[in-house]
Amino acid sequence: MKRRTRTLLLVGAVVVSLLAAFNQLAGMSLRFFGTSTVAARALAHYLAGDYGGAARLYRDDLARSSARTPAESPSSWLVLARGDLAQAEIRAGVESRMAPADIEPLLTLAEVALARGESAAAVELAGRALSLRRDDDDALLLTVVAQARQGAFSAAIDTLKRQLRSERAERRRTVFLAVLEVTGDLDDRPLDARPNGLLAHLHRYLRVYDPSHAEAAIRYAQRAIDVGDRADDGYVTLAALDARHGRPTRGFARLQQALMVNPRNTAALLDAARYRAKRLEVAEEYRLTRAAYDADPDDSFVAASLHRLLVQKLGDYRQALTHAEAAVARHPRDAEAWLRRGQVQAHLGEHPAALQSYQQAAALAPRTAELEERTGQVLWQLGRDVEAFAAYQRAVALDPLRPGPHHGLGALHARARRWNDAIREAEMGYTLGGREIAQIVGLCGLYVETARKGEATTCLAEALGRDPDNAPALAMQERVRGLPRSASASR
Amino acid sequence: MKRLGRIVRVTVVDLTLAGLAAWSVWAQLVYRAPSRYVTVLLAGLGVASTGLAVAFWLHAMVRGVGTRDKLLSPIAIGYRLCALAILGSCFYGLFLLSNGRFDMSDAAHHPTRIERIGLDETELGIRVPFVWADVRSWRRPGQLERILVRPEERERLWSGQAVVVSVRAGFHGVPWISRIEGDVEKQSREILALAPDAAQTRKDLVEFYVRLGRFPEAAIAAREYAERFPDDREFSVRIARMLTARQRSADVVMLLTDIAPRREDADVHMLLGHALAMQGRRPEGVAHLERARAMQPKNWWPYYALGWAYAGDSDYARAVAAFQRALELRPGLPDVERELQRLRPLAARAPTR
């Protein structure tokens with residue numbers, strides 16, 4: 001081979017390698033790239049596939065950077081991040097006594113237990129956190145790590161599946177490192193001793209931060225299927241990755257394989273329902289979601305999925321109420337079940353009963369903007385404007401970017417004939433994305449009432465563009481034709 | 001300097017050609033004409049031409065920096081052929097655009113089935129710009145029609161799906177597809193078999209029938225809805241208004257006849273009264289309209305409808321009185337003003353009833 005050809009081939013190989021390296025690095029989260037030498041070593045270990053070693057080095061790096069973080073009274077987590085387990089435990093105990101409903105100290109205690117190798121205690125503490133905040137991502141992931149350390153791989157898969165369906169990631173860096181470490185430790189086992197099913201799920205989780213984990217997830221899932229280690233969940237993992245890679249139909253075929261193995265796999269049923277929903281096959285979506293509910297009616301996530309489908313798509317309020325009543329009867333302390341019950345009762349026009357359900361939900365769990373907004377809507381229907389006003393204001397305080405409460409406040413101001421306030425709030429709701437047809441028509445009504453012809457015309461054009469037969473909008477359009485040109489319109 | 005100017009000129013020409021090719025593809029997607037081969041061929045041609053144009057542009061850049069220039073070289077001929085292909089495709093796009101844009105015809109809706117979706121999901125997970133659907137032909141039984149699928153339709157169309165294809169006649173007489181949607185009727189019936197209390201599904205079905213101009217079916221489905229959900233007055237009134245606007249009096253009567261005795265509702269009496277009067281059942285219609293008028297004395301519409309009902313019954317004096325009141329409540333109704341001019345002399349001549 002000529003020297004020139006050899007050089008060309010060498011340059012080509014270097015370019016291809018650089019491109020491949022850049023492709024992997026470009027997809028990785030910035031959390032892998034620290035500025036210290038320890039972080040650089042951690043990255044090297046990570047890229048070499050030594051996830052356990054990388055996690056331990058990243059933890060050292062975190063301890064050093066946390067030690068530099070000035071804090072008069074550092075939180076228990078910060079102390080934990082600094083590596084002082086004893087102090088973190090003491091501080092978490094104090095925090096827990098001061099705020100018993102706060103899950104953060106419980107999570108710190110669980111992490112401390114995990115670091116000391118007390119997996120059973122970690123599972124118990126994370127369980128207490130989950131009883132305070134169901135489906136908290138950090139608590140679920142800590143449980144997964146502890147269960148994996150205990151060798152309870154099947155339970156760990158169940159817990160990780162619960163976390164994966166939320167499509168969220170953890171808040172605590174330390175929890176991420178615990179997941180990375182346990183993945184590395186399990187990866188390092190001899191091939192026949194590896195829990196393939198769990199590793200497939202762990203790599204699927206880590207894919208959020210580094211897409212290259214998808215390959216490992218596929219490899220382990222395929223192996224899990226081959227050896228019969230929760231094969232149905234293996235197919236679900238493959239399906240999720242297919243969907244991520246733009247092959248949803250192939251993913252759906254995998255889900256069908258999963259359901260052939262286990263027809264009661266709720267993850268497969270719900271993912272298949274989601275696929276059908278995207279294709280607007282509502283009957284199939286309903287059949288699959290209903291099958292998931294029948295398989296596990298006590299799973300709040302599944303119950304909420306069926307509830308959303310029944311209320312938002314099908315409008316089958318009677319069936320939704322039956323399920324909500326059953327959920328409340330089975331779990332009288334489940335705030336979400338009470339919220340769902342109230343929502344259906346409000347749809348059915350049973351406003352006093354809906355209010356009671358919402359009050360029950362508020363008594364059982366911290367108030368949310370959604371709950372306050374729904375309470376405001378029911379109070380508005382009942383003509384209890386002062387209380388409705390307070391509920392909407394609480395909703396705005398909890399989530400200022402939520403459009404519904406602003407529209408609610410607008411309606412209340414309008415009822416009191418405070419037109420400027422009403423328009424301000426309704427416009428705020430519209431700007432924040434509250435553009436349901438009823439909300440738009442409500443805003444148009446305010447423009448008509450205040451004889452703002454220009455704004456009213458534009459607003460009605462939008463409303464009638466979306467619903468040409470909207471009777472209130474048509475009636476308003478007639479009124480607008482009789483209005484003189486407003487100052488704002490003539491500008 | 002001369003060389004630089006040449007490079008700039010070539011670049012501008014090629015970018016313009018690429019823009020035109022993209023536009024022609026857009027026009028073919030939006031104002032698509034069903035065709036077994038031509039659409040896809042043209043779309044493929046557009047892609048090939050764009051690719052070639054880019055390649056030739058790169059080549060031209062190389063030539064621009066020193067390679068010998070031969071005007072009639074094969075590259076230059078190929079370049080011109082590509083440009084011509086793009087321009088041809090562009091003219092075809094222009095034709096389709098005018099065919100669809102100026103088309104005032106109503107859409108004809110054909111229930112059919114997608115047999116195959118082409119290039120929908122590649123093994124590599126790459127999304128290709130052209131996806132087409134092979135649909136059972138509604139005009140040539142046993143054959144297929146190939147239709148380009150718009151990006152927003154991709155996720156909700158699939159092989160084996162029952163769909164409704166909305167075909168319009170076209171300004172130049174070339175039929176084109178304005179919409180492909182899932183067959184809501186089939187889907188809704190499937191859902192209702194599983195969940196008969198699905199109120200929203202029933203509503204969607206009624207509105208689907210109205211949109212497709214299947215008014216008797218809309219009225220029947222709306223009546224079924226009203227029987228199942230008697231507390232929801234708004235939906236029945238909404239559909240009755242839609243049917244009234246489309247002059248479907250018989251369907252309004254079918255929808256509201258059973259509802260009116262159950263519910264003392266001014267809108268129901270008004271719409272039913274008007275529909276009955278339009279059907280020639282004037283005494284019944286007038287009775288309902290009078291009740292609506294009594295319930296909503298400030299609403300011009302019952303008077304307006306009463307005016308037409310009385311006029312149809314040759315009761316000119318009452319017709320004039322009703323129209324006058326309608327005009328007082330809602331000034332500027334041109335048809336009422338015209339009708340009053342016609343009826344006043346007749347009322348003056350006619351004996352009082």
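**Figure 1. A:Ala451 sits in the loop between α25 (437-449) and α26 (453-466) of chain A.** This is a predicted model, so keep that in mind for every view here. As for its surroundings, A:Ala451 has 16 C-beta neighbours inside 10 Å, so it counts as partly exposed; the cut-offs are 20 or more for buried and 12 or fewer for exposed.

**Figure 2. A:Arg417 is in the loop between α23 (403-415) and α24 (419-431) of chain A.** Here again phi is positive in a residue that isn't glycine, with A:Arg417 near 60°.

**Figure 3. Residues 486-491 of chain A are a stretch where pLDDT stays under 50.** For this stretch the model has ten contacts beyond four places in sequence. As background for chain A, the mean pLDDT is 92, and 98% of the residues reach 70 or more.

**Figure 4. Chain B meets chain A through 21 residues of its own, in contact with 22 residues of chain A.** Which elements give two or more residues to the chain B side? They are α4 (184-194), α5 (199-211) and α7 (233-245) of chain B. The most comes from α4(B), which gives four residues. By type, the chain B side that touches chain A splits into nine charged, seven nonpolar and five polar residues.

**Figure 5. Helix α13 (residues 316-329) of chain B has the span you'd expect from its 14 residues.**

**Figure 6. The buried residues of α13(B) are B:Tyr316, B:Ala319, B:Val320, B:Ala322, B:Phe323 and B:Ala326.** Why do they share a side of the helix? They cover an arc of only 165° around the axis, which puts them on the same side of α13(B). The general rule is handy here: an α-helix has 3.6 residues a turn, so residues three or four places apart point the same way. As for what lies over them, the cover on the buried residues of α13(B) includes α12 (300-312) and α14 (334-349) of chain B.

Technical notes: Residues numbered from 1 in each chain as written. Chains lettered and ligands numbered in written order. Predicted model: local features only at pLDDT ≥ 70, side-chain atom pairs only at ≥ 80, totals over all residues. pLDDT = per-residue confidence, 0-100. Contact = placed C-beta atoms within 7 Å. Nonpolar A, V, L, I, M, F, W, Y, C, P; charged D, E, K, R; others polar. Expected span 1.5 Å × (residues − 1). Arc of directions from axis to C-beta.
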